[in-house]
Structures are given as C-alpha cells and as structure tokens.
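Me: I've got a model open and I'd like to learn how to read it. Can you walk me through it?

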Amino acid sequence: MGFFTKDIKSLNDLFMHGLQDLYYAENQIMKALPGMIEKATDAQLRAGFEKHLAESEGQVHRLRQVFELLEAEPKGDKCPAIDGILREGRDLMSEIDDEDVMNVGLVAAAQAVEHYEITRYGALIAWATELGRTDVVPMFKANLAEEKATDQKLTQMAERRVNPKAEKADKPSKPKSSARRKAPKAATRPVKAKRPAKKARRRA
Ligand code: FE
Ligand code: FE
Ligand code: FE
C-alpha cells in the first residue's frame, strides 16, 4: 500500500480516499448520535438511534478490519459532506421546541446521514471489486445492509407520523384517502352541531 497523499492519481488512491472519508464520517456520526438520542422523545425513534449507535461502533470496527487487510493505518480524512449534513441537523435541532416536530425533524436529518453512507458504501464496494480486493467487500456489504435497514425503518416512521390516522382507518392509496377525509371533515362539523339539537327536540 504505502503512504497516500491528498493527490488522487489512480483508482486505488480514490478507493483509499473514500475509505478514509467514510472512516471519518462514521466516527463523526458516532459522536453526533448521542445528541440525537437526547432530543428524540418518540420511544421508537430513540430506540432506533440507540441501536444504530451500537451498530455504528461495529461499522467502525469493520472499517478497521479493512485497513488491516489493506495493510494501512486506520486513518480518517475530513469529509465535508458529513460535517455539513450533521451541522444542518444540529442547526435544525436548535431551532425546534415542539417535541413532535423535533421527532419528525430528527427522522429527516437521520435519513440524510444514511443516504450519504449508502452512496459511499456502494462506491467502495464497486471500486474494491474493480481493484480485485474482494476480501474487503463483505465488511462494506455488512455496513451497507445496516445503513439500508436503518433508512427503511426511518421511512416507516416518517410515513406513520406524517399521517397517523391513515394506518388505522382505510388502507387504499394515499391521495384518495386523504382527499376523502379532508372533504367530509369540513362538511360534517356544522351537521354534527345540528344533530343533537334535533335529537333533543324529539326527546322533549
Ligand atoms: Fe454508518
Ligand atoms: Fe465524504
Ligand atoms: Fe448509518
């Protein structure tokens, strides 16, 4: 392997840069997650973050195994993308007071992180394969599977929170159900107000 400077001259250099970038990113994510756990009041979201923090520790461990197989020192390279995504999440958290809004914001912020990770693991798997380093691919694939599963759970949470009544009531296509519900809501309210008056008249 040898020493890698900032100059990326070959696919191998690009691969090593990507690995160091993701190693840095995973470490930054591990530092950010406790703050997100603290802000999450939704039990499921909080538990999900806690689980993913534990998973992230394992992911960092797998990346160290990759460095070892490549006979390179585990080293991070500053990733401006993850710094920006995490900063945006922190800024957002500082702007929100309402607990429910906070939970919704946290889901979206976390998904931005997962999506970044997913693209990078995908690239590393492709480059490692092309470079003939299939020995390191299983570690990347294991991490990628965890990121994808986390992203899917976040999507489910987002969908449930955006329209909580939709799950209990009717399960047809969303535009139909929301349209159906919105229209009667406005129409039934004044009718409801009249009905008790009629019943009262009958009873009397
Ligand atoms: Fe990760
Ligand atoms: Fe990066
Ligand atoms: Fe992740």
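Reply: The protein has seven helices and zero strands, where helices (H or I, at least four residues) and strands (E, at least two) are DSSP runs numbered from the N terminus. This is a predicted model, in which local features need pLDDT of at least 70, side-chain atom pairs count only at pLDDT 80 or more, and totals for chains, interfaces and linings use all residues. Residues are numbered from 1 along each chain as its sequence is written, while chains are lettered from A and ligands numbered from 1 in the order in which they are written.

Me: How do I read two packed helices?

Reply: Two packed helices are described by the angle between their axes and the distance between the axes. Axes are lines fitted to C-alpha atoms, for helices over the stretch in contact, and angles run from 0 to 180 degrees between N-to-C directions. Here, helix 3 and helix 4 (residues 99-130) pack at about 180°, with axes 10 Å apart. So helix 3 is roughly antiparallel to helix 4 (the term is for angles over 145 degrees).

Me: Which residues of helix 3 and helix 4 make the contact?

Reply: Contact means C-beta atoms, placed from the backbone, within 7 Å. On helix 3, look for Ala81, Ile82, Ile85, Gly89, Leu92 and Met93; on helix 4, for Met102, Gly105, Ala109, Ala112, Val113 and Tyr116.

Me: Where does Glu71 lie?

Reply: Glu71 sits in the loop between helix 2 (43-69) and helix 3 (80-95). Its phi is positive, about 55°, although Glu71 is not a glycine.

Definitions and conventions. Angles under 35 degrees count as roughly parallel, over 145 as roughly antiparallel, 65 to 115 as roughly perpendicular and the rest as oblique. Two residues are in contact if their C-beta atoms, placed from the backbone, lie within 7 Å.
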